[in-house]
Amino acid sequence: DKGYQGTGLTTPYRKPPGRDLTDVRRACNTAINRIRAAVERAVAHLKNWKILKTGYRRSLHDFPRVLRTVTKLEIYRWSTRPF
C-alpha cells in the first residue's frame, strides 16, 4: 500500500507529479504487487480454513511459522499456474 511509504516497509513507487514512472520502477511495482497479492490470498485461505475465524488454537509461538508456510505454499501454487 502506497500509504505506508516512508515507514521502512517495502512499498510501491508513487508516480511523480506530471510524469510517468520509469520502466524499472514500474517493474518493481509489479513485483511488489505480486508478492502482496500472494500474501493477501494466503491470509484469505487461513480465514477459509477457519484458522483465523474460530481462533488459532495452537501456541502463538508457532503462528509466525504457520503463516510463513501457508504464504510460501500459496506463492508456489500461484507461481506454477499456467497462464
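In the predicted model, the buried residues of helix α1 are Asn29, Ile32, Ala38, Ala42 and Leu46. Part of the cover over these buried positions is provided by helix α2, which comprises residues 63-79. Helix α1 itself runs through residues 23-48 and contains 26 residues. From its first C-alpha to its last, α1 reaches 37 Å, a span close to the 38 Å expected at 1.5 Å a residue.

When residues up to four places away in sequence are not counted, Asn29 touches Pro12, Tyr13 and Leu21. With one of these residues, Tyr13, there is also an approach between particular atoms: the side chain of Asn29 reaches the backbone nitrogen of Tyr13 at 2.6 Å.

The protein as a whole was then considered. It holds 2 helices and 0 strands. Of its 83 residues, 17% are buried. Among the contacts between residues at least 6 apart in sequence, 27% join residues at least 24 apart.

Key. Residues numbered from 1 in each chain as written. Predicted model: local features only at pLDDT ≥ 70, side-chain atom pairs only at ≥ 80, totals over all residues. Heavy atoms only, no water. Helix = DSSP H or I, 4+ residues; strand = E, 2+ residues; numbered from the N terminus. Expected span 1.5 Å × (residues − 1). Buried < 20%, exposed > 50% of the residue type's maximum accessible area, 1.4 Å probe, protein only. Contact = heavy atoms within 4.5 Å. Polar contact = N/O pair within 3.5 Å; in protein donor to acceptor, adjacent residues only side chain to side chain.
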